[in-house]
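Here's a quick briefing to read alongside the model. Have the sequence and the 3D view open as you go.

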Amino acid sequence: MIQNCIRALRSESPKIQAFAFPKDLKQGAKIFITCIVFQGRPPFAIRWLKDGEVLDPKKVENIRIVTSELQSSLHFDPVNSNSGGNYTCEMKNKHGQDSYTASLNIQAPPEWLSVPQDTTALEGSTATLQCNARGSPSPQVRWTTVTGDQKSPGNSSVLVFNPVERIHAGKYRCTADNGLGPPLQHTVTLTVHCE
């Protein structure tokens, strides 16, 4: 008798049908995804989370949530570089709850987080050049000298000279590339003063 009651309560708890985002999405695509309950007794409380945080469409201009008694849809119009992440649909009723998570991966060409800036430093101190870009997949960042032997002094977003010397003075080009669209490039000048 107790087992029958437990089974009945389980069958009244919500159960979400699996869902998935389309693969290889590019910025600008318009998509929607639906979270459907196929088991359980209404009413349900339904909410969406992105990367573990409650999704508030008032704070995200390109997402709209449309919810009815047994389902809820996310409408992206359009997806952009900030749309990528893990989206979780949660459904609750008085008998229990269920959740399902799907990943949205966006292919996006590189864009600057901050454009590299010219830098001035005293000889013997530390000089830092920064090249911050994002994209999906994450762009590879490379520094090259603009004059001289075209050597590559670094393959990371930050180029550090510690200590900086007069021979380090010159122009440096940062390139950020992930194979989508043209690479980003920017040239900066490192000026080194003697004490």
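Start with Glu12: at 16% relative accessibility, Glu12 counts as buried (buried means under 20% relative accessible area, exposed over 50%, partly exposed in between, with a 1.4 Å probe and protein chains only). Bear in mind that this is a predicted model, where local features need pLDDT of at least 70, side-chain atom pairs count only at pLDDT 80 or more, and totals for chains, interfaces and linings use all residues. Residues are numbered from 1 along each chain as its sequence is written, and side-chain values use heavy atoms, with hydrogens and water left out.

**Salt bridges**

- Searching the whole structure turns up 5 salt bridges (a side-chain nitrogen of Lys or Arg within 4 Å of a carboxyl oxygen of Asp or Glu). As background, side chains of opposite charge can pair when their charged atoms come close.
- Glu12 pairs up with Arg41 in one of these, and their closest N and O atoms are 2.8 Å apart. Glu12 sits in helix α1 (residues 2-12) and Arg41 in the loop between β3 (31-39) and β4 (45-50), so this pair ties together parts that are 29 residues apart in sequence. Helices (H or I, at least four residues) and strands (E, at least two) are DSSP runs, numbered from the N terminus.
- While Glu12 is buried, Arg41 counts as partly exposed, at 46% relative accessibility.
- Asp77 forms a salt bridge with Lys30, with 3.5 Å between the closest N and O atoms. Asp77 is in the loop between β7 (71-76) and β8 (85-93), and Lys30 is in the loop between β2 and β3, so the pair ties together parts that are 47 residues apart in sequence.
- How accessible are those two? Asp77 is partly exposed at 46% relative accessibility, and Lys30 is exposed, with a relative accessible area of 63%.
- Arg47 and Glu90 also meet through their side chains in a salt bridge, at 2.7 Å from N to O. Here strand β4 holds Arg47 and strand β8 holds Glu90, so the pair ties together parts that are 43 residues apart in sequence.
- Arg47 counts as partly exposed at 37% relative accessibility, whereas Glu90 counts as buried at 18%.

**Asn178 and its surroundings**

- Look for Asn178 in the loop between β16 (170-177) and β17 (184-193). With 14% relative accessibility, Asn178 counts as buried.
- The Asn178 side chain reaches the backbone oxygen of Ala108 at 2.8 Å, and the side chain of Asn178 also reaches the backbone oxygen of Pro137 at 2.8 Å.
- Leaving aside neighbours within four places in sequence, Asn178 has contacts that include Pro109, Pro110, Gly135 and Ser138 (contact means heavy atoms within 4.5 Å).

**A three-stranded sheet**

- An open sheet is built from 3 strands in the order β2-β10-β13, with mixed pairing (two strands pair if DSSP finds at least two bridges between them). Its edge strands are β2 (25-26) and β13 (132-136), each pairing on one side only.
- β2 runs parallel to strand β10 (residues 106-114), and the two pair over 2 bridges. Leu25 has Ile106 in β10 as its bridge partner.

**Domain annotation**

- UniProt, in an unreviewed entry, places the feature "domain: Ig-like" at residues 14-105 and 110-191. UniProt positions are in the numbering used here, feature names are shortened, and annotations may be inferred rather than shown by experiment.
- For residues 14-105, the end C-alpha atoms lie 28 Å apart, and the span is 0% helix and 54% strand.

Definitions and conventions:
Polar contact = N/O pair within 3.5 Å; in protein donor to acceptor, adjacent residues only side chain to side chain.
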